[in-house]
Amino acid sequence: MRAIAAVAAPVAALGRGVLGGLAATGRFAIFSAEALSHILRPPLYPREALAALFTIGWLSLPVVGLTAVFTGGALALQIYAGGARFNAEAVVPQIVAIGMVRELGPVLVGLMIAARVTSSIAAEIATMRVTEQIDALVTLATNPMKYLVAPRVLAGLVTVPLLTGLGDVIGVMGGWLVATQTLGFNSATYLANTVDFIEAHDVWSSLAKGAVFGGIAALSGCYFGMTSGRGAQGVGRATKAAVEAAAVMILAANFLLTGVFFSV
Amino acid sequence: MIAIEGLCKTFGETPVLRGVDLRVARGQSLVVIGGSGTGKSVLLKCILGLVEPDAGRISIAGEPLGPRHREALFSRFGMLFQGAALFDSLPVWQNVAFRLLRGPGRLTRRAARQVAVEKLGRVGLGPEVADRFPAELSGGMQKRAGLARAIAADPEIIFFDEPTTGLDPIMAGVINTLIREIVSDMGATAITITHDMSSVRSIADRVAMLHDGVIRWEGPAAGIDRSGDPYVDQFIHGRAELLP
Ligand SMILES: Nc1ncnc2c1ncn2[C@@H]1O[C@H](COP(=O)(O)OP(=O)(O)OP(=O)(O)O)[C@@H](O)[C@H]1O
Ligand SMILES: [Mg+2]
């Protein structure tokens, strides 16, 4: 009997963990559907939406630009070094362009947004939850899903694709900078090779990934903020969980989307 | 106006409310007293649906309260939270005028600001406070700004959770008078939670004492000194002895 219990306990714990995870996924999905539906239904709060567009989009520009330029530069160095092993140094512009636009641009922008935006949304909304500001909103006849969540999710969906497009361009330029300054590439040839190689499909897929990642980042921050536990500890846990969940979901979504867009 | 029957709420293993029955007539001011941690704030939140009760019936104006009716309720409702719960991203006047700036019958910003400054004046806060942020106010000032927000849209039903804690005795007197005026002059229905006997005496038409998860005593404010209930007597006189 005792032996059975000893074996059963960890299995039961595992089962509970899996069920808990599934339940949490379901709650997140329901929350997301509700949030998206509020974007489409009036009333909208234009002031809140503008503020969210500004903080999520505009204020993220520096971090996105810096991330992209360094990544593009490093990519050029690596491809050059790797390509040299079989005399294929010339592929630097093409591979940098493909790598940035298809994968690294959207993924890195998505992860930086998860770090910067998801954390601040989660901490802000969780603090509002624990200080009863969300309860106060409800008693003031204002739906928090509409007033707090919808503007932020809308801003994520709109601005992150734009940031991704920008990150793609800046990343390619980072590669170009390194290639022309230190690797001896001709500037005009490099740019011509890049433009010739990139297809519209690459660009659209990049922007689509950006929209999905932006939505994930904003929804995750809002969900964990709204469901925060009590006190400062609750806020801390909510923020950590929001960033973790956003990063994992972004990487998983990237894998799925790459499969959808590029499987032959 | 507000009728509560058999309201129960348990957090984890601890029962907080164990069958609360309470009625408030239209235009009446009910004060709920009771020891710290007895569930007074939870009672208000259950009525509002901010906390999901485990059991019990709540009706307002004869209608059982579901999500749909709550929306109607909140359109003519005001609440002062125990911790004020001001929106810290908005300046004080926009907090007070929150309702006036939004929704179908919204005012212009200039008009809303005027109303906000007037309401701030009623709770003893000068116009210079209007443009400050809640984090720049003292606890008592935040409480009063929260009160101004609760009464800004002239609600018909108002809940006050400890309106005078954290205030000096003079300011507490001002707030008590204000709450009494709101009920008497505007005909609002009010539930106030307080530990402060001077508040009870100036605000209440009726008093209810919450103890051990149930309403232990309920009666007219004038009768509170002759309640015949040892717990009520103890509360009024602040005696520390243990009762059975
Ligand atoms: N969300 C919650 N989760 C768990 N326990 C809670 C929650 N809200 C309240 N409680 C518990 O319910 C009990 C009653 O809390 P409540 O805030 O209603 O007390 P109160 O009567 O308003 O006290 P005070 O006069 O000190 O404000 C407390 O023991 C508290 O710990
Ligand atoms: Mg309380």
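Guide: Let's start at the boundary: domain 1 of chain B and domain 2 of chain B share 4 residue pairs in polar contact, with both partners at pLDDT 80 or more. Keep in mind that this is a predicted model.

Visitor: Which parts of chain B supply at least two residues each to the side of domain 1 that touches domain 2?

Guide: Those are β7 (157–161) and α6 (169–186) of chain B. The most comes from α6(B), with 7 residues. By class, that side of domain 1 of chain B has 11 nonpolar, 3 polar and 4 charged residues.

Visitor: What makes B:R122 and B:E181 a salt bridge?

Guide: Their side chains sit at 3.0 Å, N to O. The rule asks for a Lys or Arg side-chain nitrogen within 4 Å of an Asp or Glu carboxyl oxygen, so the pair qualifies. Across the interface of domain 1 of chain B and domain 2 of chain B, the rule finds 1 salt bridge.

Visitor: How much area do domain 1 of chain B and domain 2 of chain B bury between them?

Guide: About 1,100 Å², with 65% of it on carbon and sulfur atoms. In domain 1 of chain B, the residues losing the most area to domain 2 are B:M171, B:L178 and B:M186, together 33% of what that side buries.

Visitor: Where are domain 1 and domain 2 in chain B?

Guide: Domain 1 takes 1–76 + 156–244, and domain 2 takes 85–154. The contact draws 18 residues from domain 1 of chain B and 10 residues from domain 2 of chain B.

Conventions:
Residues are numbered from 1 along each chain as its sequence is written. Chains are lettered from A and ligands numbered from 1 in the order in which they are written. This is a predicted model: local features need pLDDT of at least 70, side-chain atom pairs count only at pLDDT 80 or more; totals for chains, interfaces and linings use all residues. Side-chain values use heavy atoms; hydrogens and water are left out. Domain bounds come from an automatic or database domain assignment. Contact means heavy atoms within 4.5 Å. Buried area is the accessible area (1.4 Å probe) that two parts lose on being put together, summed over both. A polar contact is a pair of N or O atoms within 3.5 Å; within protein, one must be able to donate a hydrogen and the other to accept it, and residues adjacent in sequence count only if both atoms are side-chain atoms. Helices (H or I, at least four residues) and strands (E, at least two) are DSSP runs, numbered from the N terminus. Ala, Val, Leu, Ile, Met, Phe, Trp, Tyr, Cys and Pro count as nonpolar, Asp, Glu, Lys and Arg as charged, and the others, Gly among them, as polar.
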